Amino acid sequence: MAGPLLRVGVIGCGFFAENHLAAWAGMEGIVLAAVCDLDEAKARAAAQKFGAAAAYRDAAEMLAKEQLDFVDIVTTMGSHAALVGLAAQRRLPMIVQKPLAPTWEAAVGIVETCRAAGIPMMVHENTRFLTPVRAARAVIDGGEIGTPTWARIAFRTGHDIYGKQPYLAKEEHFVLLDLGVHMLDVARYLLGDVARLYCQSESIKPGIAGEDMATTVLRHQAGATSVVECSYASPIHPDPFPQLVLQIEGMRGSLRVDPGYRMTVAAEGAVREVDVSPALFPWSTPPWHGTQESVVRTQEHWVKCLRQGIEPETSGTDSLKTYGLVWGAYESTRSGQAVTPLDQR
Ligand code: NAD
Ligand code: 89Y
């Protein structure tokens with residue numbers, strides 16, 4: 001551990017927080033000081049399971065009573081602005097789960113609140129921290145496939161995501177905001193920022209409020225084109241959930257990440273296969289192990305940046321570029337036109 005112990009308070013002890021809590025509990029240099037959930041039984045169960053000393057049902061009370069170094073907000077997006085406001089009043093650094101907010105304006109407001117308070121803030125955008133995504137970026141950075149010209153970034157599934165996350169069925173802005181935010185961030189991470197985008201989306205599953213399939217075409221500032229596919233309505237077999245698929249073509253070669261954590265790199269007549277399997281922890285629960293490892297890597301990145309006083313990769317400011325794509329995609333779907341990302345206007 002490089003530095004003093006850091007005390008974290010976690011707000012939200014639902015489905016996905018289990019991964020955050022397991023990651024904090026196992027991380028050197030971190031004390032899981034307190035947990036909080038509106039549902040007190042969930043907070044108490046989480047405190048007991050992950051060894052937090054205190055459990056609260058009111059976030060304001062937790063922040064008032066505990067001596068925390070930072071806060072981890074793992075609630076759904078509708079509560080983020082209020083909780084960020086509470087932490088910012090106490091000038092507490094914070095990491096906040098995606099989606100940051102239900103609207104573009106609210107996302108900008110959250111980032112501005114943190115900027116005005118002068119506190120570090122990072123969006124918990126874990127997909128770019130997946131082992132296969134980091135491996136693909138390392139191949140690009142190494143120059144093996146040359147300058148990227150085209151990419152496909154796809155997450156298509158028919159898995160019943162509504163079982164664990166029933167709130168998703170009610171979101172009017174659905175797959176682009178829930179999943180698109182991950183995939184669009186990966187597109188930015190691998191190919192750089194975006195000049196223009198075009199999107200088409202559909203609502204396929206009966207009874208849901210929002211779109212569950214979206215195809216977005218991005219023109220990156222460096223000249224590459226990418227196709228970002230998001231679908232929760234794909235009756236495919238075998239279903240790769242929750243794995244993404246990547247194909248990146250460059251001036252000298254290409255790479256593919258296929259389900260099963262296999263990366264194939266083809267360049268200048270040679271082909272090599274790389275195992276890009278995630279690490280397993282004692283608490284990993286396949287098929288979620290890839291996502292779970294990315295949660296650990298995301299939280300490690302946040303702690304490293306906090307300790308060193310450097311801006312995280314997915315700081316609030318940086319993340320607005322991703323949310324500018326998400327809300328640009330919604331605008332494009334409505335208008336039928338290609339648009340510039342919202343943050344560039
Ligand atoms: P959930 O509904 O299971 O849990 C959220 C919890 O927050 C609930 O227990 C609720 O009582 C609590 N809560 C809400 N408002 C609160 C408040 N003001 N104070 C204290 N507690 C409060 O939701 P979930 O499925 O765990 O999702 C949480 C977030 O994680 C969502 O934004 C979701 O998109 C995200 N998520 C991310 C990934 C990923 O891969 N990054 C995967 C799944 C979910
Ligand atoms: O909510 C989604 C996310 O963030 O990544 C995949 C997902 O968990 C759907 O289950």
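The shell around ligand 1 holds nine nonpolar, 10 polar and four charged residues. Here Ala, Val, Leu, Ile, Met, Phe, Trp, Tyr, Cys and Pro count as nonpolar, Asp, Glu, Lys and Arg as charged, and the others, Gly among them, as polar. This is a predicted model, in which local features need pLDDT of at least 70 and side-chain atom pairs count only at pLDDT 80 or more, while totals for chains, interfaces and linings use all residues. Residues are numbered from 1 along each chain as its sequence is written, chains are lettered from A and ligands numbered from 1 in the order written, and side-chain values use heavy atoms, without hydrogens or water.

**Domains**
- The chain splits into domain 1 (6-119) and domain 2 (127-285 + 315-344), with bounds from an automatic or database domain assignment.
- Taken over C-alpha atoms, the centres of domain 1 and domain 2 are 27 Å apart.
- Domain 1 gives 16 residues to the contact and domain 2 gives 17 residues, where contact means heavy atoms within 4.5 Å.

**Ligand 1**
- There are 23 residues around ligand 1, and Phe16, Asp37, Lys42, Asn126 and Tyr167 come nearest. A residue counts as near if one of its heavy atoms lies within 4 Å.
- Both domains take part: the shell around ligand 1 draws at least three residues from each of domain 1 and domain 2.
- A backbone N or O atom of Phe15 is 2.9 Å from an oxygen atom of ligand 1. For a polar backbone atom of Phe16, the distance to an oxygen atom of ligand 1 is 2.8 Å.
- Thr75 also places a backbone N or O atom 3.5 Å from an oxygen atom of ligand 1.
- On its own, ligand 1 has 850 Å² of accessible area, and the protein covers 86% of it. Such areas come from the Shrake-Rupley method with a 1.4 Å probe.

**Ligand 2**
- Ligand 2 exposes 270 Å² when taken alone, and the protein buries 88% of that.

Technical notes. Polar contact = N/O pair within 3.5 Å; in protein donor to acceptor, adjacent residues only side chain to side chain.
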